[in-house]
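The tour goes from one selection to the next.

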Amino acid sequence: MSNTSNTALEQWIKEVAELTKPDRIVWCNGSQDEYQGLVDEMLANGTLSKLNQDDYPNCYLHRSDPRDVARVEGATMICTKTEIDAGPNNIWMEPTAAHEKIDAMFDGCMQGRTMYVVPYCMGPIASPLSRCGVEVTDSPYVVANMKIMTRMGQSALNRIEKEGNFVKGLHSTGELDPDRRFIMHFPEELSIKSYGSGYGGNALLGKKCHALRIASYQARSEGWLAEHMLILGLTNPEGVTRYVAAAFPSACGKTNLAMLVPPESHKGWKVSTIGDDIAWLQPGKDGKLYAINPEAGFFGVVPGTSPKTNYNAYKSIEQDTIFTNVGVTADNNPYWEGKESGETPVINWKGEPMTSETDNGPAAHPNSRFTAHATYNPVYSPESENPGGVPIDAIIFGGRRRELAPLIYEAKDWAHGVLVGAGMASETTAAATGQVGVVRRDPMAMKPFCGYNFADYFGHWLSMSEKSDNLPGVFHVNWFRRDEDGRFLWPGFGENLRVLRWALDRVDGKADAVETAIGYLPTAESLDTNDLDIAADDLEAILSIDKNQWAAEMQAVGEYLESYGERLPAALRDEYKKVQAALAA
Ligand code: SAT
Ligand code: MN
(Lines give C-alpha, C1' and ligand atoms only; values in the text may rest on other atoms or scores of the structure.)
(Ligands and ions follow the chains in the order given, each with its own letter.)
Protein backbone atom coordinates (compact mmCIF):
# COMPACT_ATOMS: atom_id res chain seq x y z
CA MET A 1 0.00 0.00 0.00
CA SER A 2 1.38 3.40 -0.84
CA ASN A 3 1.49 6.18 1.74
CA THR A 4 1.04 9.03 -0.68
CA SER A 5 -0.30 9.69 -4.14
CA ASN A 6 2.82 11.75 -4.87
CA THR A 7 5.04 9.26 -6.66
CA ALA A 8 8.17 11.44 -6.40
CA LEU A 9 7.77 11.47 -2.63
CA GLU A 10 7.03 7.73 -2.44
CA GLN A 11 10.09 7.01 -4.61
CA TRP A 12 12.38 9.30 -2.58
CA ILE A 13 11.32 7.69 0.72
CA LYS A 14 12.06 4.28 -0.80
CA GLU A 15 15.56 5.39 -1.84
CA VAL A 16 16.27 6.98 1.54
CA ALA A 17 15.14 3.81 3.34
CA GLU A 18 17.39 1.69 1.12
CA LEU A 19 20.32 3.93 2.04
CA THR A 20 19.71 4.38 5.76
CA LYS A 21 18.16 0.92 6.47
CA PRO A 22 15.76 1.77 9.33
CA ASP A 23 13.93 -0.99 11.24
CA ARG A 24 10.64 0.84 10.89
CA ILE A 25 9.14 3.71 8.86
CA VAL A 26 6.49 5.97 10.38
CA TRP A 27 4.58 8.54 8.32
CA CYS A 28 3.67 11.35 10.72
CA ASN A 29 0.11 12.67 10.64
CA GLY A 30 0.66 15.55 13.07
CA SER A 31 -2.03 14.48 15.57
CA GLN A 32 -1.90 15.23 19.28
CA ASP A 33 -1.95 11.46 19.99
CA GLU A 34 1.10 11.01 17.81
CA TYR A 35 2.90 13.83 19.69
CA GLN A 36 2.01 12.27 23.06
CA GLY A 37 3.22 8.87 21.84
CA LEU A 38 6.60 10.36 20.87
CA VAL A 39 6.86 12.13 24.23
CA ASP A 40 6.06 8.91 26.12
CA GLU A 41 8.67 7.02 24.14
CA MET A 42 11.29 9.72 24.83
CA LEU A 43 10.38 9.77 28.54
CA ALA A 44 10.85 6.00 28.64
CA ASN A 45 14.27 6.06 26.98
CA GLY A 46 15.57 9.16 28.78
CA THR A 47 15.65 11.54 25.79
CA LEU A 48 13.19 13.71 27.72
CA SER A 49 12.49 14.08 31.40
CA LYS A 50 9.30 15.40 32.97
CA LEU A 51 9.41 18.80 34.62
CA ASN A 52 7.13 19.69 37.54
CA GLN A 53 3.71 19.01 36.00
CA ASP A 54 1.80 21.17 38.49
CA ASP A 55 3.81 24.30 37.74
CA TYR A 56 4.72 23.41 34.15
CA PRO A 57 2.02 21.14 32.67
CA ASN A 58 3.19 19.12 29.66
CA CYS A 59 6.66 20.65 29.85
CA TYR A 60 9.71 18.50 29.30
CA LEU A 61 13.47 18.84 29.48
CA HIS A 62 15.87 17.59 26.84
CA ARG A 63 19.63 17.56 27.44
CA SER A 64 21.74 17.65 24.29
CA ASP A 65 25.11 16.04 23.97
CA PRO A 66 27.33 18.83 25.43
CA ARG A 67 29.19 18.96 22.10
CA ASP A 68 25.95 19.66 20.24
CA VAL A 69 24.35 22.83 21.58
CA ALA A 70 24.48 25.39 18.76
CA ARG A 71 24.52 25.85 15.02
CA VAL A 72 27.80 24.84 13.39
CA GLU A 73 28.57 27.40 10.71
CA GLY A 74 31.91 25.75 9.85
CA ALA A 75 30.11 22.52 8.89
CA THR A 76 27.22 24.19 7.03
CA MET A 77 27.58 24.11 3.26
CA ILE A 78 25.93 25.41 0.14
CA CYS A 79 26.43 22.91 -2.67
CA THR A 80 25.70 24.70 -5.95
CA LYS A 81 27.15 23.52 -9.26
CA THR A 82 29.61 26.40 -9.36
CA GLU A 83 31.43 27.86 -6.37
CA ILE A 84 30.73 31.46 -7.34
CA ASP A 85 26.96 30.87 -7.03
CA ALA A 86 27.40 29.97 -3.34
CA GLY A 87 29.62 33.04 -2.94
CA PRO A 88 32.40 33.92 -0.50
CA ASN A 89 29.75 34.21 2.24
CA ASN A 90 29.25 30.44 2.22
CA ILE A 91 31.32 27.29 2.50
CA TRP A 92 30.94 25.58 -0.86
CA MET A 93 31.20 21.97 -1.89
CA GLU A 94 30.68 20.47 -5.33
CA PRO A 95 27.29 18.68 -5.26
CA THR A 96 28.38 15.21 -6.49
CA ALA A 97 31.29 15.10 -4.04
CA ALA A 98 29.03 16.42 -1.28
CA HIS A 99 26.36 13.77 -1.84
CA GLU A 100 29.02 11.08 -1.92
CA LYS A 101 30.62 12.25 1.30
CA ILE A 102 27.40 12.56 3.30
CA ASP A 103 25.67 9.50 1.81
CA ALA A 104 28.58 7.39 3.09
CA MET A 105 27.58 8.57 6.58
CA PHE A 106 23.87 7.94 5.97
CA ASP A 107 24.62 4.41 4.74
CA GLY A 108 22.97 2.10 7.27
CA CYS A 109 22.80 4.86 9.93
CA MET A 110 19.16 4.10 10.86
CA GLN A 111 19.67 0.41 11.56
CA GLY A 112 17.85 -0.43 14.77
CA ARG A 113 16.06 2.93 14.61
CA THR A 114 12.75 4.30 13.40
CA MET A 115 12.66 6.55 10.36
CA TYR A 116 10.02 9.27 10.62
CA VAL A 117 8.59 10.88 7.48
CA VAL A 118 7.54 14.40 8.45
CA PRO A 119 5.54 16.42 5.89
CA TYR A 120 5.38 20.08 6.90
CA CYS A 121 4.15 23.38 5.57
CA MET A 122 6.07 26.60 6.17
CA GLY A 123 3.34 29.22 6.47
CA PRO A 124 -0.45 28.98 6.72
CA ILE A 125 -1.71 25.87 4.86
CA ALA A 126 -4.01 28.03 2.71
CA SER A 127 -1.46 30.71 1.85
CA PRO A 128 -0.08 31.02 -1.68
CA LEU A 129 3.09 32.40 -0.04
CA SER A 130 3.67 29.14 1.91
CA ARG A 131 5.99 26.34 0.80
CA CYS A 132 6.08 22.68 1.83
CA GLY A 133 8.79 20.22 2.66
CA VAL A 134 9.28 16.70 3.94
CA GLU A 135 11.86 15.98 6.60
CA VAL A 136 13.01 12.40 7.06
CA THR A 137 14.65 11.94 10.45
CA ASP A 138 15.57 9.27 12.98
CA SER A 139 15.10 11.68 15.89
CA PRO A 140 11.77 11.70 17.76
CA TYR A 141 12.98 14.92 19.44
CA VAL A 142 13.16 16.54 16.00
CA VAL A 143 9.66 15.28 15.12
CA ALA A 144 8.21 16.68 18.37
CA ASN A 145 9.90 20.04 17.75
CA MET A 146 8.70 20.13 14.14
CA LYS A 147 5.17 19.52 15.42
CA ILE A 148 5.40 22.70 17.51
CA MET A 149 7.40 24.80 15.04
CA THR A 150 5.53 24.05 11.79
CA ARG A 151 2.16 23.00 10.36
CA MET A 152 3.14 19.35 10.31
CA GLY A 153 1.40 16.16 9.21
CA GLN A 154 -1.63 15.26 7.11
CA SER A 155 -2.66 18.80 6.14
CA ALA A 156 0.83 19.49 4.81
CA LEU A 157 0.87 16.17 2.94
CA ASN A 158 -2.48 17.03 1.38
CA ARG A 159 -1.05 20.30 0.08
CA ILE A 160 2.06 18.53 -1.24
CA GLU A 161 -0.14 16.06 -3.10
CA LYS A 162 -2.18 18.89 -4.59
CA GLU A 163 0.81 21.08 -5.56
CA GLY A 164 3.25 18.35 -6.46
CA ASN A 165 6.43 19.98 -5.13
CA PHE A 166 8.27 19.94 -1.83
CA VAL A 167 11.74 20.47 -0.38
CA LYS A 168 13.49 17.20 0.52
CA GLY A 169 15.28 17.14 3.88
CA LEU A 170 17.17 14.13 5.14
CA HIS A 171 18.40 14.14 8.73
CA SER A 172 20.09 11.72 11.09
CA THR A 173 21.59 12.43 14.49
CA GLY A 174 24.25 9.85 13.61
CA GLU A 175 26.84 9.44 16.35
CA LEU A 176 26.79 13.16 17.34
CA ASP A 177 30.50 13.22 16.59
CA PRO A 178 31.46 16.87 15.81
CA ASP A 179 33.96 15.56 13.24
CA ARG A 180 31.22 13.71 11.40
CA ARG A 181 28.72 16.56 11.29
CA PHE A 182 27.58 18.28 8.09
CA ILE A 183 24.61 20.45 7.21
CA MET A 184 24.52 20.45 3.42
CA HIS A 185 22.18 22.40 1.17
CA PHE A 186 21.53 21.72 -2.50
CA PRO A 187 19.47 24.77 -3.54
CA GLU A 188 19.40 23.74 -7.21
CA GLU A 189 17.83 20.40 -6.19
CA LEU A 190 15.68 21.93 -3.42
CA SER A 191 17.18 19.46 -0.97
CA ILE A 192 18.97 19.37 2.39
CA LYS A 193 21.09 16.67 4.03
CA SER A 194 22.02 17.03 7.69
CA TYR A 195 24.06 14.50 9.63
CA GLY A 196 25.50 14.27 13.12
CA SER A 197 23.61 16.92 15.11
CA GLY A 198 20.32 16.94 16.98
CA TYR A 199 20.38 20.67 17.73
CA GLY A 200 17.76 23.20 16.55
CA GLY A 201 19.03 25.03 13.51
CA ASN A 202 21.11 22.03 12.41
CA ALA A 203 18.31 19.48 12.72
CA LEU A 204 14.86 21.11 12.51
CA LEU A 205 15.24 21.38 8.76
CA GLY A 206 12.10 23.47 8.21
CA LYS A 207 13.71 26.37 10.05
CA LYS A 208 17.05 27.84 8.96
CA CYS A 209 17.83 25.18 6.31
CA HIS A 210 14.54 25.38 4.42
CA ALA A 211 12.86 28.66 5.41
CA LEU A 212 16.05 30.70 4.97
CA ARG A 213 18.83 28.99 2.97
CA ILE A 214 16.72 27.11 0.41
CA ALA A 215 13.89 29.66 0.47
CA SER A 216 16.22 32.62 -0.10
CA TYR A 217 17.45 30.88 -3.25
CA GLN A 218 13.90 30.15 -4.43
CA ALA A 219 12.77 33.65 -3.50
CA ARG A 220 15.40 35.16 -5.76
CA SER A 221 14.16 33.36 -8.84
CA GLU A 222 10.50 33.91 -7.92
CA GLY A 223 10.74 37.60 -6.97
CA TRP A 224 10.22 37.57 -3.21
CA LEU A 225 12.35 37.74 -0.04
CA ALA A 226 13.07 35.10 2.64
CA GLU A 227 14.53 36.95 5.61
CA HIS A 228 15.80 36.51 9.18
CA MET A 229 13.15 38.87 10.52
CA LEU A 230 10.53 39.11 13.22
CA ILE A 231 7.13 40.53 12.29
CA LEU A 232 5.13 42.59 14.78
CA GLY A 233 1.93 44.59 14.76
CA LEU A 234 1.84 47.95 16.56
CA THR A 235 -1.62 49.20 17.47
CA ASN A 236 -2.06 52.83 18.54
CA PRO A 237 -4.64 54.04 21.10
CA GLU A 238 -7.01 54.81 18.19
CA GLY A 239 -6.95 51.12 17.28
CA VAL A 240 -4.95 51.39 14.03
CA THR A 241 -2.45 48.54 13.53
CA ARG A 242 0.74 48.87 11.46
CA TYR A 243 3.25 46.11 10.75
CA VAL A 244 7.01 46.14 11.09
CA ALA A 245 9.61 43.53 10.09
CA ALA A 246 12.99 43.57 11.79
CA ALA A 247 16.23 41.71 11.16
CA PHE A 248 18.68 41.07 13.99
CA PRO A 249 21.32 38.34 14.25
CA SER A 250 20.58 35.28 16.41
CA ALA A 251 20.24 35.97 20.14
CA CYS A 252 20.03 39.78 19.74
CA GLY A 253 16.50 40.25 21.05
CA LYS A 254 14.16 39.45 18.13
CA THR A 255 11.85 37.46 20.39
CA ASN A 256 11.80 40.28 22.97
CA LEU A 257 10.97 42.94 20.38
CA ALA A 258 8.30 40.77 18.74
CA MET A 259 6.54 40.44 22.12
CA LEU A 260 7.26 43.91 23.49
CA VAL A 261 5.22 45.06 26.49
CA PRO A 262 4.47 48.81 26.20
CA PRO A 263 5.80 50.83 29.15
CA GLU A 264 3.54 52.47 31.76
CA SER A 265 3.80 55.75 29.85
CA HIS A 266 2.18 54.13 26.78
CA LYS A 267 -1.28 53.16 27.95
CA GLY A 268 -3.49 52.23 25.03
CA TRP A 269 -0.63 51.04 22.82
CA LYS A 270 -0.37 47.35 21.95
CA VAL A 271 2.21 45.13 20.29
CA SER A 272 1.12 41.81 18.78
CA THR A 273 3.36 39.07 17.41
CA ILE A 274 3.20 37.56 13.94
CA GLY A 275 6.65 35.96 14.11
CA ASP A 276 9.93 36.13 16.01
CA ASP A 277 12.55 34.77 13.61
CA ILE A 278 11.68 34.41 9.92
CA ALA A 279 9.64 36.45 7.44
CA TRP A 280 8.74 35.71 3.84
CA LEU A 281 7.89 38.93 2.02
CA GLN A 282 6.22 39.34 -1.33
CA PRO A 283 4.98 42.40 -3.25
CA GLY A 284 1.18 42.55 -3.31
CA LYS A 285 -1.09 43.90 -6.03
CA ASP A 286 -1.22 47.29 -4.31
CA GLY A 287 2.57 47.59 -4.54
CA LYS A 288 3.12 47.05 -0.81
CA LEU A 289 5.24 44.24 0.65
CA TYR A 290 3.20 41.56 2.43
CA ALA A 291 4.78 39.23 4.99
CA ILE A 292 3.98 35.84 6.44
CA ASN A 293 5.72 34.02 9.27
CA PRO A 294 6.53 30.56 7.88
CA GLU A 295 6.76 29.14 11.41
CA ALA A 296 4.09 28.17 13.94
CA GLY A 297 6.15 28.29 17.12
CA PHE A 298 9.10 29.88 18.88
CA PHE A 299 12.56 28.36 19.29
CA GLY A 300 13.74 31.07 21.63
CA VAL A 301 16.75 31.71 23.84
CA VAL A 302 15.79 30.89 27.45
CA PRO A 303 18.36 32.72 29.63
CA GLY A 304 17.30 36.25 30.49
CA THR A 305 13.58 35.50 30.06
CA SER A 306 11.73 36.90 33.08
CA PRO A 307 8.36 38.53 33.70
CA LYS A 308 10.25 41.82 33.63
CA THR A 309 12.28 41.35 30.44
CA ASN A 310 9.72 39.44 28.39
CA TYR A 311 6.46 38.78 30.18
CA ASN A 312 4.84 37.31 27.08
CA ALA A 313 7.62 34.82 26.40
CA TYR A 314 7.57 33.89 30.10
CA LYS A 315 3.84 33.14 29.80
CA SER A 316 4.29 31.30 26.49
CA ILE A 317 6.57 28.72 28.12
CA GLU A 318 4.54 27.81 31.19
CA GLN A 319 2.82 24.88 29.42
CA ASP A 320 3.32 22.48 26.50
CA THR A 321 6.94 23.52 26.09
CA ILE A 322 10.10 21.57 25.34
CA PHE A 323 13.08 23.03 27.20
CA THR A 324 16.50 22.18 25.80
CA ASN A 325 19.63 22.51 27.98
CA VAL A 326 18.27 24.42 30.99
CA GLY A 327 18.93 23.68 34.66
CA VAL A 328 16.48 22.26 37.20
CA THR A 329 15.41 23.38 40.72
CA ALA A 330 14.76 21.18 43.77
CA ASP A 331 11.04 21.36 42.85
CA ASN A 332 11.90 20.03 39.39
CA ASN A 333 11.07 23.34 37.72
CA PRO A 334 13.15 24.54 34.79
CA TYR A 335 15.80 27.04 35.83
CA TRP A 336 17.86 29.53 33.89
CA GLU A 337 20.01 32.57 34.55
CA GLY A 338 17.85 35.70 34.65
CA LYS A 339 14.61 33.84 35.43
CA GLU A 340 14.26 36.06 38.52
CA SER A 341 11.86 33.70 40.24
CA GLY A 342 13.77 33.45 43.50
CA GLU A 343 14.43 29.76 42.84
CA THR A 344 17.81 28.03 43.13
CA PRO A 345 19.13 25.49 40.65
CA VAL A 346 20.25 22.08 41.89
CA ILE A 347 21.17 20.48 38.56
CA ASN A 348 22.86 22.18 35.60
CA TRP A 349 22.13 21.72 31.89
CA LYS A 350 24.59 18.85 31.67
CA GLY A 351 22.74 16.99 34.44
CA GLU A 352 25.45 17.66 37.02
CA PRO A 353 24.66 18.66 40.64
CA MET A 354 24.91 22.28 41.76
CA THR A 355 25.19 23.32 45.40
CA SER A 356 24.65 27.03 44.72
CA GLU A 357 23.77 29.33 41.84
CA THR A 358 27.42 29.74 40.95
CA ASP A 359 28.81 26.29 41.79
CA ASN A 360 29.11 24.24 38.58
CA GLY A 361 27.24 26.93 36.66
CA PRO A 362 25.84 28.32 34.54
CA ALA A 363 22.70 26.33 35.25
CA ALA A 364 21.39 26.84 31.74
CA HIS A 365 23.56 26.80 28.63
CA PRO A 366 23.73 30.39 27.22
CA ASN A 367 22.08 29.02 24.05
CA SER A 368 19.49 26.90 25.85
CA ARG A 369 16.15 27.09 24.09
CA PHE A 370 12.40 26.79 24.53
CA THR A 371 10.17 25.31 21.86
CA ALA A 372 6.69 26.76 22.36
CA HIS A 373 3.49 27.12 20.36
CA ALA A 374 2.96 30.61 18.93
CA THR A 375 -0.64 30.58 20.14
CA TYR A 376 0.33 30.53 23.86
CA ASN A 377 1.86 33.97 23.48
CA PRO A 378 -0.59 36.35 25.23
CA VAL A 379 -0.07 38.84 22.37
CA TYR A 380 -0.28 36.27 19.55
CA SER A 381 -1.79 37.92 16.48
CA PRO A 382 -4.49 35.94 14.64
CA GLU A 383 -3.14 37.70 11.54
CA SER A 384 -0.40 35.02 11.70
CA GLU A 385 -2.94 32.81 9.89
CA ASN A 386 -3.87 35.39 7.26
CA PRO A 387 -3.11 33.67 3.91
CA GLY A 388 -2.32 37.04 2.34
CA GLY A 389 0.16 38.05 5.01
CA VAL A 390 0.32 41.48 6.62
CA PRO A 391 1.37 44.74 4.90
CA ILE A 392 4.81 45.90 6.07
CA ASP A 393 5.32 49.65 6.64
CA ALA A 394 8.85 49.59 8.03
CA ILE A 395 11.86 47.30 7.80
CA ILE A 396 14.31 47.62 10.66
CA PHE A 397 17.87 46.32 10.67
CA GLY A 398 19.84 46.10 13.88
CA GLY A 399 22.88 44.67 15.50
CA ARG A 400 24.63 44.48 18.81
CA ARG A 401 27.13 47.38 18.74
CA ARG A 402 28.76 48.84 21.87
CA GLU A 403 29.89 51.84 19.88
CA LEU A 404 29.19 53.76 16.73
CA ALA A 405 25.63 52.99 15.68
CA PRO A 406 23.03 55.49 16.96
CA LEU A 407 19.72 54.46 18.54
CA ILE A 408 17.95 54.76 15.18
CA TYR A 409 18.46 56.23 11.75
CA GLU A 410 16.41 56.14 8.59
CA ALA A 411 17.75 55.29 5.15
CA LYS A 412 17.27 57.99 2.52
CA ASP A 413 15.62 55.67 0.02
CA TRP A 414 15.36 51.97 -0.86
CA ALA A 415 18.82 51.64 -2.45
CA HIS A 416 20.39 53.37 0.53
CA GLY A 417 18.37 51.03 2.77
CA VAL A 418 19.91 48.06 0.99
CA LEU A 419 23.34 49.50 1.81
CA VAL A 420 22.33 49.96 5.45
CA GLY A 421 21.36 46.27 5.60
CA ALA A 422 24.37 45.09 3.62
CA GLY A 423 26.73 47.02 5.89
CA MET A 424 25.30 45.59 9.12
CA ALA A 425 27.70 44.26 11.71
CA SER A 426 27.10 42.72 15.11
CA GLU A 427 28.88 41.08 18.02
CA THR A 428 28.72 37.27 17.80
CA THR A 429 26.56 35.34 20.28
CA ALA A 430 26.25 31.83 21.72
CA ALA A 431 23.73 30.83 19.03
CA ALA A 432 26.59 29.50 16.93
CA THR A 433 29.74 27.67 17.99
CA GLY A 434 32.87 29.85 18.11
CA GLN A 435 34.01 33.03 19.83
CA VAL A 436 31.34 35.23 21.42
CA GLY A 437 31.40 39.07 21.38
CA VAL A 438 33.53 39.76 18.31
CA VAL A 439 32.13 42.22 15.75
CA ARG A 440 31.57 40.68 12.34
CA ARG A 441 29.78 41.75 9.19
CA ASP A 442 26.33 40.21 9.12
CA PRO A 443 24.40 41.68 6.17
CA MET A 444 20.65 41.71 6.83
CA ALA A 445 21.43 39.30 9.75
CA MET A 446 21.65 36.67 6.98
CA LYS A 447 25.39 35.83 7.07
CA PRO A 448 24.75 32.27 8.28
CA PHE A 449 21.52 31.85 6.33
CA CYS A 450 21.77 33.13 2.75
CA GLY A 451 21.66 30.21 0.31
CA TYR A 452 23.58 31.98 -2.47
CA ASN A 453 26.18 34.62 -3.26
CA PHE A 454 25.60 37.76 -1.17
CA ALA A 455 26.48 39.96 -4.16
CA ASP A 456 23.50 38.48 -6.04
CA TYR A 457 21.39 38.76 -2.90
CA PHE A 458 22.14 42.49 -2.64
CA GLY A 459 21.21 42.80 -6.31
CA HIS A 460 17.94 40.99 -5.63
CA TRP A 461 17.14 43.35 -2.76
CA LEU A 462 17.87 46.36 -4.99
CA SER A 463 15.58 44.94 -7.69
CA MET A 464 12.56 44.94 -5.35
CA SER A 465 12.08 48.62 -6.19
CA GLU A 466 11.23 47.53 -9.76
CA LYS A 467 8.58 45.11 -8.48
CA SER A 468 6.92 47.31 -5.93
CA ASP A 469 6.19 51.03 -5.88
CA ASN A 470 5.18 51.29 -2.23
CA LEU A 471 8.09 49.71 -0.38
CA PRO A 472 8.48 50.08 3.39
CA GLY A 473 10.75 52.67 5.00
CA VAL A 474 14.13 51.23 6.00
CA PHE A 475 15.72 51.91 9.39
CA HIS A 476 18.68 50.80 11.48
CA VAL A 477 18.52 50.53 15.27
CA ASN A 478 20.97 49.74 18.05
CA TRP A 479 19.69 49.00 21.56
CA PHE A 480 23.14 48.00 22.76
CA ARG A 481 25.21 51.21 22.95
CA ARG A 482 27.41 51.39 26.07
CA ASP A 483 29.74 53.88 27.75
CA GLU A 484 33.40 53.19 28.61
CA ASP A 485 32.29 51.41 31.79
CA GLY A 486 30.07 49.02 29.89
CA ARG A 487 26.81 50.63 31.06
CA PHE A 488 23.95 50.53 28.52
CA LEU A 489 22.94 54.03 27.42
CA TRP A 490 19.39 53.12 26.37
CA PRO A 491 16.97 51.29 28.71
CA GLY A 492 15.71 49.04 25.91
CA PHE A 493 12.91 46.45 26.28
CA GLY A 494 9.47 48.13 26.44
CA GLU A 495 10.98 51.59 25.85
CA ASN A 496 11.95 50.46 22.35
CA LEU A 497 8.30 51.17 21.52
CA ARG A 498 9.23 54.87 21.35
CA VAL A 499 11.71 54.07 18.60
CA LEU A 500 9.16 52.02 16.63
CA ARG A 501 6.73 54.94 16.89
CA TRP A 502 9.33 57.35 15.49
CA ALA A 503 9.96 55.01 12.56
CA LEU A 504 6.26 54.72 11.69
CA ASP A 505 5.78 58.47 12.12
CA ARG A 506 8.61 59.00 9.64
CA VAL A 507 6.88 56.70 7.17
CA ASP A 508 3.77 58.86 7.59
CA GLY A 509 5.78 62.08 7.21
CA LYS A 510 4.83 63.12 10.74
CA ALA A 511 8.18 63.13 12.61
CA ASP A 512 11.09 65.53 12.28
CA ALA A 513 14.62 64.39 11.56
CA VAL A 514 18.14 65.70 11.16
CA GLU A 515 19.77 64.83 7.88
CA THR A 516 23.27 63.36 8.31
CA ALA A 517 25.69 61.60 5.99
CA ILE A 518 24.47 58.16 7.12
CA GLY A 519 20.74 58.94 7.04
CA TYR A 520 18.02 60.72 9.00
CA LEU A 521 18.31 60.78 12.79
CA PRO A 522 15.54 61.85 15.20
CA THR A 523 15.64 65.39 16.50
CA ALA A 524 15.67 65.43 20.31
CA GLU A 525 12.02 66.59 20.24
CA SER A 526 10.74 64.13 17.66
CA LEU A 527 11.56 61.07 19.75
CA ASP A 528 8.99 60.85 22.56
CA THR A 529 10.98 60.81 25.81
CA ASN A 530 8.10 61.70 28.15
CA ASP A 531 8.42 59.84 31.46
CA LEU A 532 11.62 58.24 30.26
CA ASP A 533 14.44 57.84 32.74
CA ILE A 534 17.49 58.76 30.67
CA ALA A 535 20.25 61.33 31.22
CA ALA A 536 20.47 64.16 28.67
CA ASP A 537 24.11 63.24 27.89
CA ASP A 538 23.19 59.65 27.19
CA LEU A 539 20.35 60.68 24.90
CA GLU A 540 22.61 63.08 23.07
CA ALA A 541 25.20 60.31 22.62
CA ILE A 542 22.77 57.83 21.09
CA LEU A 543 21.12 60.43 18.85
CA SER A 544 24.30 61.64 17.16
CA ILE A 545 27.08 60.25 15.03
CA ASP A 546 30.85 60.56 15.22
CA LYS A 547 32.00 61.50 11.71
CA ASN A 548 35.53 60.11 12.12
CA GLN A 549 34.30 56.80 13.45
CA TRP A 550 31.77 56.61 10.64
CA ALA A 551 34.36 57.41 8.00
CA ALA A 552 36.35 54.42 9.27
CA GLU A 553 33.19 52.30 9.33
CA MET A 554 32.26 53.18 5.76
CA GLN A 555 35.79 52.41 4.67
CA ALA A 556 35.38 48.97 6.24
CA VAL A 557 31.91 48.51 4.70
CA GLY A 558 33.31 49.45 1.29
CA GLU A 559 36.21 46.98 1.62
CA TYR A 560 33.82 44.27 2.76
CA LEU A 561 31.45 44.84 -0.17
CA GLU A 562 34.31 44.98 -2.68
CA SER A 563 35.45 41.56 -1.42
CA TYR A 564 32.50 40.19 -3.42
CA GLY A 565 34.32 41.21 -6.58
CA GLU A 566 32.74 41.81 -9.94
CA ARG A 567 29.34 40.44 -8.97
CA LEU A 568 28.83 43.35 -6.56
CA PRO A 569 26.01 45.48 -8.01
CA ALA A 570 27.32 48.82 -9.26
CA ALA A 571 24.32 50.52 -7.64
CA LEU A 572 25.47 49.35 -4.21
CA ARG A 573 28.99 50.66 -4.88
CA ASP A 574 27.42 54.03 -5.77
CA GLU A 575 25.55 54.01 -2.47
CA TYR A 576 28.57 53.50 -0.22
CA LYS A 577 30.60 56.02 -2.24
CA LYS A 578 27.80 58.55 -1.78
CA VAL A 579 27.89 58.10 2.01
CA GLN A 580 31.69 58.32 2.01
CA ALA A 581 31.54 61.57 0.03
CA ALA A 582 28.93 63.02 2.40
CA LEU A 583 31.07 62.12 5.40
CA ALA A 584 34.11 63.76 3.83
CA ALA A 585 32.21 66.97 2.94
O1 SAT B 1 19.55 27.28 16.04
S2 SAT B 1 18.62 28.17 15.37
O3 SAT B 1 19.16 28.54 14.07
O4 SAT B 1 17.37 27.50 15.17
C5 SAT B 1 18.36 29.57 16.28
C6 SAT B 1 19.19 30.69 15.81
O7 SAT B 1 20.42 30.60 15.84
O8 SAT B 1 18.62 31.71 15.39
MN1 MN C 1 17.25 33.12 14.23
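Predicted model: local features only at pLDDT ≥ 70, side-chain atom pairs only at ≥ 80, totals over all residues.

Residues are numbered from 1 along each chain as its sequence is written, chains are lettered from A and ligands numbered from 1 in the order in which they are written, and side-chain values use heavy atoms, with hydrogens and water left out.

**Stop 1: the ligand**

Select ligand 1 and show what surrounds it: Arg71, Tyr199, Gly201, Lys207, Lys208, Ser250, Phe299, Arg369 and Ala431. A residue is counted here if one of its heavy atoms lies within 4 Å of the molecule. By class, this shell has four charged, three nonpolar and two polar residues. Ala, Val, Leu, Ile, Met, Phe, Trp, Tyr, Cys and Pro count as nonpolar, Asp, Glu, Lys and Arg as charged, and the others, Gly among them, as polar.

Now look at the polar contacts (pairs of N or O atoms within 3.5 Å). Arg71 places a polar side-chain atom 2.9 Å from an oxygen atom of ligand 1, and Ser250 also has a polar side-chain atom 2.9 Å from a ligand oxygen. For Tyr199, the distance from a side-chain N or O atom to an oxygen of ligand 1 is 3.2 Å. Alone, ligand 1 exposes 250 Å², and the protein buries 98% of that (Shrake-Rupley areas, 1.4 Å probe).

**Stop 2: the sheet**

Next, colour the five strands of the open, mixed sheet, which run in the order 2-3-19-23-18. Strands are DSSP E runs of at least two residues and helices are H or I runs of at least four, both numbered from the N terminus; two strands pair if DSSP finds at least two bridges between them. Strand 2 (49-50) and strand 18 (297-301) are the edges, each pairing on one side only. Select 60-62 and 322-324: strand 3 and strand 19 pair in the parallel sense over three bridges. His62 is opposite Thr324 of strand 19.

**Stop 3**

Which residues are closest to the centre of the largest cavity? Its volume is about 180 Å³, and among its 17 lining residues the closest to the centre are Tyr409, Val420, Gly423, Trp550 and Met554. Helix 11 (414-422) and helix 15 (547-562) each supply at least two lining residues, with helix 15 giving the most, four. The lining has twelve nonpolar, three polar and two charged residues.

On a 1 Å grid over the protein atoms alone, a cavity is a set of points where a 1.4 Å probe fits but cannot get out, and lining residues have an atom within 4 Å of a point. Points are joined across faces, edges and corners, and the volume is the space filled by probe spheres set on them.

Conventions
1 Å grid on protein atoms, 1.4 Å probe; cavity = no way out; pocket = protein on both sides within 12 Å on 5 of 7 lines; lining within 4 Å. Polar contact = N/O pair within 3.5 Å; in protein donor to acceptor, adjacent residues only side chain to side chain.
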